[in-house]
Amino acid sequence: MLVFGIIICVIGLLLLAAYLSDILLCRTRIDAVIVRCKTKKFYFRGVTRTEYTPVFTYTVDGKSYTATAYRSTKDPDRFRKGQTIQVCINPRRPASVRYGSYIGFLVSALILIALGAGIIVLWML
């Protein structure tokens, strides 16, 4: 049980480190233009759900980059072709880009750390 708690804590700490490094490194805000939306259909219990994920381009120091956001929506009008959005880039590696906040990522990391720590404490009692 102790090993299980330690593994969960380590996974949570790795997620937290990834989140913090992304926040610290991707800190320069620039404008990006949506060039299209990827669509993905999900079928579950006879219900079809479609998600829309924006693909955008941005330019840094005269070089153009294209990226796909990790964030998607069920609203087909949320991201429109030609729409300008704000993204954060890593100035040292402009291909490293982030759109939106990853607060769910942070919450997941903190929950895993707390869960792992709780298992460790219970094991020690």
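Reader: Does Asp61 count as buried or exposed, and at what relative accessibility?
Author: This is a predicted model, in which local features need pLDDT of at least 70, side-chain atom pairs count only at pLDDT 80 or more, and totals for chains, interfaces and linings use all residues. Residues are numbered from 1 along each chain as its sequence is written, and side-chain values use heavy atoms, with hydrogens and water left out. Buried means under 20% relative accessible area, exposed over 50%, and partly exposed in between (1.4 Å probe, protein chains only). Asp61 therefore counts as exposed, at 79%.

Reader: How many aromatic pairs are there?
Author: Rings of Phe, Tyr and Trp (its six-membered ring) pair if their centres lie within 6.5 Å; planes under 30 degrees apart count as stacked, over 60 as edge-to-face and the rest as tilted. By this rule the count is two.

Reader: Why is the pair of Phe56 and Tyr58 classed as it is?
Author: The ring centres of Phe56 and Tyr58 are 6.2 Å apart. Their planes stand at 40 degrees, so the pair is tilted.

Reader: Which class does the aromatic pair of Tyr58 and Tyr65 belong to?
Author: Both Tyr58 and Tyr65 are buried. Their rings lie 5.4 Å centre to centre with 15 degrees between the planes, and the pair is stacked.

Reader: Which residues do the ring pairs link into a cluster?
Author: Phe56 is buried at 1% relative accessibility, and Tyr58 is buried at 2%. The cluster linked by ring pairs consists of Phe56, Tyr58 and Tyr65.
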